[in-house]
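Let's take a friendly walk through a protein model together. Have a look at the sequence and the 3D view first, and then we will go through some details.

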Amino acid sequence: VSSKEYTDLVNTLTRNSLKRLKPIIGVYPFKTTINLSDAKDLIKDFICSYDISLYPIIEKALSDEHLFTINNISRIGRGYSYFNTYSRNPYIIVYTENNKLNMESLICLVHELGHVIHFYTTGNRPKNYDRILVDNFIETPSLTFEYFFIDYLIKNDIEFSDTQKILNNNLHMLKEYLQYLRV
């Protein structure tokens, strides 16, 4: 990490990326909400169009036994996933307002489902799973899944203005990360 080659790469990446992200100034709030049942249906429709073989995993993760919503306005848009490698059971927590998800919470739920799918691929190798948790690539499957879901929403004209806000907010977050990395 401290090698000249690495620091030069980070410097070039962050400098050039930040030049392109100058118009991204702030984070947009969300007013539109979707109830949990409709959110689950929307996600299942997406999965069927994305990869039907993932449907059983998603269906299990979205069941009332494995998905928990917590009413906490100050934490909306945040969530956590846990995968028990021995029982092969996923558990997801998403923060909501009165069991309704705004676009940020919906995308967070899809992001956490991306983690669940990733963990299923390592579930038969618990020792490898422990190594993945500290691996830098832990966010890659969940972010990829998140962006394919956003693309699905855009292509199907679902909450288009809020979807555009999510893209802006994600770019804003990326800009902050890149600024921290430069420091």
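In which loop is Asn98 found? Asn98 sits in the loop between S4 and strand S5 (100-102). Helices (H or I, at least four residues) and strands (E, at least two) are DSSP runs, numbered from the N terminus.

Before going on, please note that this is a predicted model, in which local features need pLDDT of at least 70, side-chain atom pairs count only at pLDDT 80 or more, and totals for chains, interfaces and linings use all residues. Residues are numbered from 1 along each chain as its sequence is written, and side-chain values use heavy atoms, with hydrogens and water left out.

**Backbone and surface**

Most residues other than glycine have a negative phi. Asn98, however, has a positive phi near 55 degrees. Arg88, also not a glycine, has a positive phi of about 60 degrees, and lies in the loop between strand S3 (79-84) and S4.

How open are these residues to their surroundings? Buried means under 20% relative accessible area, exposed over 50%, and partly exposed in between (1.4 Å probe, protein chains only).

| Residue | Relative accessibility | Class |
|---|---|---|
| Asn98 | 54% | exposed |
| Arg88 | 31% | partly exposed |
| Cys48 | 37% | partly exposed |
| Cys108 | 8% | buried |

As for disulfides (pairs of cysteine sulfur atoms within 2.5 Å), the count is zero.

**The core**

A nonpolar core is a set of buried Ala, Val, Leu, Ile, Met, Phe, Trp, Tyr and Cys residues joined through side-chain atoms within 4.5 Å. The largest one has 34 residues, and Phe145 and Phe149 are among those with the most contacts inside it. Helix H4 gives the largest share of this core, ten residues. Leaving aside residues up to four places away in sequence, Phe145 touches several others, including Phe46, Ile58 and Leu113; contact here means heavy atoms within 4.5 Å.

**The pocket**

A pocket is an open set of points on a 1 Å grid over the protein atoms alone, where a 1.4 Å probe fits, with protein on both sides within 12 Å along at least five of seven lines; lining residues have an atom within 4 Å of a point. The largest pocket has a volume of about 980 Å³, the volume being the space filled by probe spheres set on the points. Of its 28 lining residues, His111, Glu139, Leu143, Met173 and Tyr177 are the closest to its centre. H7 provides the largest share of the lining, ten residues.
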